[in-house]
Amino acid sequence: MSATPFHRPRVTTITAPNVSHLAKLFTYATSLAGVYLSVGFMYYYAAKEKLIDQSGTMPTGLKHEFAGSFLASFPGDNVSWVLLGALEALIVVLLAVSVVGGEFLTSRRKPFLLAGLGVSMFALGMMGLANNMVGDTATALTVFTYFGLTAVLLVLIRQLPPYRSIGWISGAGDK
């Protein structure tokens, strides 16, 4: 009796995509989308209002509030208003460059997004200082809250890929 080797036919199986990884990617994508949408549009509409809708002219109510303050004398109400609008527009541009440059991809560093959030913190610091200067502590406190939340966003971005593994999002460690 001759021995012939028995060969099993090769079976290929189709495996379902890793649902856990898809959930991590979904969480990553929606987190970044939320940052881009909330920060981007908040500053877009603020810059548009100051620079286009109001043509760089500070509203009368704010002019009265800042009357007699340092800002009213230097650099002046309208100049301060335009500078703030330009700073807000810069934030929008930085976020747009981030999106166009593909910084939302997990493999890409996010220097323009981080810079946009940093400029946002600077703008909020300036707004808080101006409101404290005229004694509007309620608005200054609100601006400080935005400042703190922006700092939290900076920390969040630094916890996302490529700075850290995507595994931490679901509590799966660095897998």
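The lining of the largest pocket divides into 22 nonpolar, four polar and five charged residues. Here Ala, Val, Leu, Ile, Met, Phe, Trp, Tyr, Cys and Pro count as nonpolar, Asp, Glu, Lys and Arg as charged, and the others, Gly among them, as polar. The model is predicted: local features need pLDDT of at least 70, side-chain atom pairs count only at pLDDT 80 or more, and totals for chains, interfaces and linings use all residues. Residues are numbered from 1 along each chain as its sequence is written, and side-chain values use heavy atoms, with hydrogens and water left out.

**Pocket**

The largest pocket has a volume of about 750 Å³. Of its 31 lining residues, Trp81, Leu84, Met126, Met127 and Ala130 are the closest to its centre. Helix 1, helix 2 (60–66), helix 3, helix 4 and helix 5 each give two or more residues to the lining. Helix 3 has the largest share, nine residues.

The pocket is found on a 1 Å grid over the protein atoms alone, as an open set of points where a 1.4 Å probe fits, with protein on both sides within 12 Å along at least five of seven lines. Lining residues have an atom within 4 Å of a point. Grid points are joined across faces, edges and corners, and the volume is the space filled by probe spheres set on the points.

**Fold and surface**

The chain has five helices and zero strands. Helices (H or I, at least four residues) and strands (E, at least two) are DSSP runs, numbered from the N terminus. Along the sequence the pattern reads α-α-α-α-α. Among contacts (heavy atoms within 4.5 Å) between residues at least 6 apart in sequence, 67% join residues at least 24 apart.

The chain exposes about 10,900 Å², and carbon and sulfur atoms supply 68% of that area. Areas come from the Shrake-Rupley method with a 1.4 Å probe; for residues, only the protein chains shown count as cover. Of the 175 residues, 30% are buried. Buried means under 20% relative accessible area, exposed over 50%, and partly exposed in between.

**Core**

The largest nonpolar core holds 23 residues. Such a core is a set of buried Ala, Val, Leu, Ile, Met, Phe, Trp, Tyr and Cys residues joined through side-chain atoms within 4.5 Å. Leu32, Val39, Ile91, Leu95, Leu113, Met127 and Ile157 touch the most other members. Helix 1 (19–53), helix 3 (70–100), helix 4 (111–133) and helix 5 (137–159) each supply at least two core residues. Helix 4 gives the most, with seven.

Leucine 113 touches Leu32, Val35, Tyr36, Leu95, Ser98, Glu103 and Ile157, leaving aside residues up to four places away in sequence.

| Residue | Location | Relative accessibility |
|---|---|---|
| Serine 80 | helix 3 | 14% |
| Lysine 50 | helix 1 | 7% |
| Glycine 167 | segment after helix 5 | 0% |

Lysine 50 counts as buried because its relative accessibility is 7%. Beyond residues up to four places away in sequence, lysine 50 touches Ser55, Gly56, Thr57, Trp81, Leu84, Gly85 and Glu88. From lysine 50 to alanine 89 is 39 residues in sequence and 9.8 Å in space, C-alpha to C-alpha.

Glycine 167 and serine 20 are 147 residues apart along the chain, yet their C-alpha atoms are separated by 9.4 Å.

Notes. Buried means under 20% relative accessible area, exposed over 50%, partly exposed in between (1.4 Å probe, protein chains only).
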